[in-house]
Amino acid sequence: MATPTWNNPVIKWVDDRLPIFTFVQHSAIDYPTPKNLNYWWNFGSLAGVILVIMIATGIFLSFNYTAHVDMAFDSVERIMRDVNYGWMFRYIHMNGGTMFFLIIYIHIFRGMYYGSYKAPRELLWIIGVFIFLAMMATAFVGYVLPWGQMSFWGATVITNLFSVIPFVGNDIVTWLWGGFSVDNPTLNRFFSLHYLLPFIIFALVFLHLWALHTHKSNNPLGIEVKGDQDELPFHPYYTIKDLYGLGVFMIFFMGVTFFAPNFFGEPENYLPANPMVTPAAIVPEWYFLPYYAILRATPDNFVDAWGILPVIIDAKTSGVILMFASILLLCLLPWLDRSKVRSATFRPIYKQLYWIFLADCLVLGWIGANPPEGMMLLIGRIATFWYFFHLLILLPLVPYWEKTKELPESISAAVTANGEGSKETSS
Amino acid sequence: MADSAVTSEDGQDGEETRRDFLLISTVSVGAVGAALAAWPFIDLMNPSKDVLALASTELDLSGIEVGQAITAIWRGKPIFIRRRTASEVDAAKNVKLAELKDPQSDADRVQKPEWLVLIGICTHLGCIPVGNKSGQTKGEFGGWFCPCHGSHYDTSGRIRKGPAPRNFEIPPYKFLSDTTLFIG
Ligand code: HEM
Ligand code: FES
């Protein structure tokens, strides 16, 4: 890639001292991109846009929000009723959280289908998992801010998870709360963290993109780019495609925001927090449901029942361990999956397992929304088992007997073989 | 490098050794300093003095009939105070310890058998169980029931069934008179 030359004297002057224009030219305009990317590759840029939307609406909400247990609920109601366009900002922010997770889940499952986590993109993937964790933390503390019943009780249940840490668990919970229950000190620090974490996410996204641009995008065939004939410059080919995707997405996002703003919400959260009354059922936001199902799936004496360890692990501890493991295990995915072939297109067995795994996660989500009793409990346990069985047993072993299909010689060869002509017609 | 620390002062070796020493001591002092400086940051998040100052409560029990229960507030937490009936006391006493998940005799959990005083927080994930108000279900063991994930507690506040690992906690309390209870 040639270093661009600048004609405009001001740009040239700046670029000589801080090559920011060269940087943009390289990473967003000339940036060579595989020419066969499909629409599943839109979700990365969508995630970036929604992050900016969340930060923008969040800052404007905070102008009118009061982080105090006596005033938080009322200040949010004031935003809804009295502040000009306050209702719109809140509904965009509220549903933006939902959209952010929807996009990220699609983005993650895209990576799983096309094997984007494999060498040399392991670190890119791991940074992604950390972004996901930071998002979960942000959404969790954000949900506490309106100080409704679900805010309060969600915060209570989730912070209590840390009490399973041996010896110091209860002290850690008191420390997190800054008191003896979820109360004003908790709300204050959660607000502060809710403001801070998105900027940490922003920094992580920067690292994510840095890693991405080092080895460039994977592609639906999962094979290496062989040369210029396999690539297109990012601008205008993918800028326009990303913009088109953004338009479609915005129709959906704004449709929900303006016509069904409370569809994903929980009515209980429109009741002010009451520390003396627990709601009949505590249900997290939809994007946490699969993990909530795993948390509640384990029986008492979980490990002991199989006689593996000489200790008894109660249902609470094992549930918490499995829940955190279910996310952290994703960091190890590049090493758990031992197949050299990236894309599921060429992996007949993995392709089916992939869809089963996806269905399994959806089942877990459905179980998470229901009380863990009878059939629900049983299904939840089977689905939890499958989640770990897939990651820990199937992914490492399947490559030993899976016969992968023959990989195409190159991206452009595959396009030509499909009878679609070469370079010119692909846009 | 470091093993030649006591040898020649002047040669190349000596020069390096002295630098190693300076480097290692600077880094160690810096690390200790950073660790010490971390403590105020951590402790700032612990309960503050005003929060700790509100840490005790006095209650008048005279209005509570046998078989009734009330919920008081101490440190922002619900305190269950139940004036137990004779049959509830018997039920609590007659359980074999071996049947319990968190074995504890009733005598170890009360000061006066009639009065059961508990922190009314489910030891699973912190919900407030039902069973204190008349008409609420008391669970399969006549004590309390936590609707969040289905934990049943008995008339001594001990966990009998469900995911909670431990019995209800007992707050520190004493009777100032027959009808005045001091918690804290
Ligand atoms: C990663 C990006 C972010 C996510 C996922 C996120 C998520 C959330 C969620 C789920 C809520 C609860 C909405 C409700 O039910 O009412 C919330 C509330 C709030 N957020 Fe954010 N947020 C993000 C960024 C920000 C930023 C950067 C700010 C800037 C200060 C902010 C300020 C607020 C405020 C003031 C509230 C309380 C008002 C309300 O409840 O609508 N957020 N956030
Ligand atoms: S919090 Fe009571 S059963 Fe889970």
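This is a predicted model: local features need pLDDT of at least 70, side-chain atom pairs count only at pLDDT 80 or more; totals for chains, interfaces and linings use all residues.

**Cysteines**

I looked for a partner for Cys361(A) and found none: the closest cysteine sulfur, in Cys331(A), is 16 Å from the sulfur of Cys361(A), too far for a bond. The cut-off I use for a disulfide is a pair of cysteine sulfur atoms within 2.5 Å. Cys361(A) is buried, at a relative accessible area of 13%. For burial I go by relative accessible area with a 1.4 Å probe and protein chains only: buried is under 20%, exposed is over 50%, partly exposed is in between.

Residues are numbered from 1 along each chain as its sequence is written, chains are lettered from A and ligands numbered from 1 in the order in which they are written, and side-chain values use heavy atoms, with hydrogens and water left out.

How many disulfides are there over all chains? My search of the whole structure gave one. The disulfide joins Cys127(B) and Cys148(B), with the sulfur atoms 2.0 Å apart. I get -95° about the S-S bond, so I put the link down as left-handed. The pair links distant parts of the chain, 21 residues apart: Cys127(B) sits in the loop between β4 (115–119) and β5 (142–146) of chain B, and Cys148(B) in the loop between β5 and β6 (151–154). Helices here are DSSP runs of H or I with at least four residues, and strands are runs of E with at least two, numbered from the N terminus. Cys127(B) is buried at 1%, and Cys148(B) is buried at 10%. I also checked Cys122(B), which counts as buried at 3% relative accessibility.

**Iron site**

Which protein residues hold the iron atom of ligand 1 as donors? I found His93(A) and His194(A), each through NE2, lying 1.9 to 2.0 Å from the iron. Donors are N, O and S atoms within 2.8 Å of the metal (3.2 Å for Na, K and Ca), and sites may look incomplete because water is not among the atoms. His93(A) lies in helix α5 (residues 86–113) and His194(A) in helix α9 (residues 184–215) of chain A, so the pair ties together parts 101 residues apart in sequence.

**Helix α12 of chain A**

I checked the span of α12(A) (residues 315–328): its 14 residues reach 20 Å from first C-alpha to last, close to the 20 Å expected at 1.5 Å a residue. The expected span is 1.5 Å times one less than the number of residues. Ten of the 14 residues are buried, so I wrote "mostly covered". Among the buried ones are Val320(A), Leu322(A), Met323(A) and Ile327(A). The buried residues pack against α6 (122–144), α7 (149–160), α11 (289–295) and α15 (374–401) of chain A. Contact means heavy atoms within 4.5 Å.

**Two single residues**

Is Gly148(A) buried or exposed? Gly148(A) is buried, at 0%, and it is in the loop between α6 and α7 of chain A. Leaving aside neighbours within four places in sequence, I found Gly148(A) in contact with Phe73(A), Asn269(A), Leu271(A), Pro272(A) and Ala273(A).

Asp43(B) is in helix α1 (residues 12–44) of chain B and counts as partly exposed at 36%. I took Asp43(B) to Arg84(B) as well: 41 residues apart in sequence, 41 Å apart C-alpha to C-alpha.
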